[in-house]
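Work through the two exercises below with the sequence and the model open beside you. Each task is followed by a solution that goes step by step.

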Amino acid sequence: MTTGSEFPIEVSSRIRRLPPYLFGQLNKMKMEKRRQGVDIIDLGMGNPTDPPPRAVIEKLCEVVQDPRVHGYSQSIGIPHLRREVARLYERQFGVTVDPETEVIATIGSKEGFSHMCLALISPGDTAIVGDPYFPIHVYGVALAGGNVINVPLGNDQAFLRRIAYVVEHLYPKPKLLILNYPHNPTAMTVDDVSFFEQVVQLARKEKIMVIHDFAYGRTAFDGYKPPSFLQATGAKDVGVEFCTMSKPYNMAGWRIGFCVGNREMIKALATIKGYYDYGIFTAVQVASIVAMRNGEADVAHQSEIYQKRRDIVVEGLRKIGWEVESPRASMFVWAKVSDQHLAGQGTIDFCLRLMDEAEVAIAPGRAFGENGEKCVRIAIVENEQRLRQAIRNIDGALNKGIKAPTATKLKRKAGKE
Ligand SMILES: Cc1ncc(COP(=O)(O)O)c(C=O)c1O
C-alpha cells in the first residue's frame, strides 16, 4: 500500500492484514453533520459522559501541584496502586492476588490487551474469539500476527460446546481464548462463576491460555453481580483478567486499567510494556487509588444511572415495536432490527439512515462481526431526556416518515423544503 504521493511509503503487512474499519462512513457522516450544526444524539460509542467522582478530581489537582510527580513513572504501575487493586479484588470478589507479581497497571485495558497479544501470540498462532466481538479482541490478535477463529456467541453452554469442538478439531491447537462478560456489544452475561470453572477445566485440559476482559464487571443492574474469572478455582494457572477505571469511575480519558492473574502472563506483558512505555502519569495513578479506596458508592450510583437509562431505552424501543431484551449489565442495549425497518439493507446503511433522518448515532451490529448483522448497539451514555428524544426521533424517522427537527430546519433554510 502506498500513500499516492511520489515517494512510496509502504506500510507494514501488520497494517495491511487488519480487517476493514467499519465505523469509517458513520464517523465521517457524524463529523459532517456536526459541522452543519446538527445536534446528533450520540449513542454510538461506550464513552462515558458523566464525571469521575469529585474526590478523585480533587486528588488529581492536589497531586499535580507536587513537583516530584512529573517525571516518568513506573511502567508496571506504582506499588501503592497495585496494592489497592489487590485489596479491591479481595473485597469485591474474595480473590487473593499478589500485588508484586499478579497485578500490572495498563494505559487503559485496550492498551494492556493489545500488548498482551503481542506478548503471547507469535505469527501464525491462533486465538478463539466469540462473534459478535469487541473489535480490539480481533485487531489485537491480528496486529500481533496471529489468526482469529470466530466462534458464534450463544448461551454460555452452547458457546462452551462450540469452543471445545474447535479446540478438539483445529490443528495446530489454538493458543488463546478471549472472553468478555458482561459482553460488549451484546451485553450478554454469565449467571455465576460455574461458567468460568468450566472454562478453566477446558483450558487446563487443552493447554490454552485465557484472557477475560472484565471492563463492565462493575456496571450491573437489578442486584446482579458479574463474577470475576479469577473466582474460578485454578483461574490464575491459566489466565488473566483485564479491568478498567474507564467505565465504573467515568475515567475513560485518563487511560488507566489493570491486568490481574497469571504471573507468567503478567511478566510477559511487563516485559513488552517495559520497552514501549514509561508508565501512566503518577498523579493519575494516585487519584485512581482514591477512586478504588473510597469510590464504592460512586460506582453503585453510576450503575443506578445506567439502570434508569436502560429502562427508558428498552421501554421506549418496545413501545415503538422493537424486540429488545433488557440487559442486566454493561452500558449497552443490543437490539434486533426488524426486516421491515432494515428494508433489505445491512445495519451499516440502516445506521447511516438513522443518523441522517433521526439525528441519532448508534452502532451497526455488523461492525462487531458477521453474527452482529441485523442487530444494533445502543450505548446509554446520554442523559434521560436525550434518550427519550432519541427514541422519539427514531420512531418519527422509521414509523412516521418524520425527519428529526434540525434536519428539517436545515433543509428549509437551504430552500429545499
Ligand atoms: C469490552 C471492552 N474492553 C475494553 C475497553 C477499553 O477500555 P479502556 O478504556 O480501559 O481501554 C472497552 C471500551 O469500550 C470495552 O468495551
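A polar contact here is a pair of N or O atoms within 3.5 Å; within protein, one must be able to donate a hydrogen and the other to accept it, and residues adjacent in sequence count only if both atoms are side-chain atoms. The model is predicted, so local features need pLDDT of at least 70 and side-chain atom pairs pLDDT 80 or more, while totals for chains, interfaces and linings use all residues. Residues are numbered from 1 along each chain as its sequence is written, and side-chain values use heavy atoms, without hydrogens and water.

**Exercise 1.** Find which polar side-chain atoms lie 2.7 Å from an oxygen atom of the ligand.

*Solution.* Start with Lys247, which has a polar side-chain atom 2.7 Å from a ligand oxygen, and then turn to Arg255, where the distance from such an atom to a ligand oxygen is also 2.7 Å. For Tyr216, a side-chain N or O atom is 2.6 Å from an oxygen of the ligand. The protein buries 91% of the 400 Å² that the ligand exposes when taken alone (accessible areas by the Shrake-Rupley method with a 1.4 Å probe; for residues, only the protein chains shown count as cover).

**Exercise 2.** Sort the shell around the ligand by class.

*Solution.* Ala, Val, Leu, Ile, Met, Phe, Trp, Tyr, Cys and Pro count as nonpolar, Asp, Glu, Lys and Arg as charged, and the others, Gly among them, as polar. The shell then divides into three nonpolar, six polar and four charged residues. Of the 13 residues around the ligand, those that come nearest are Ser109, Asp213, Tyr216, Thr244 and Ser246 (near means a heavy atom within 4 Å).
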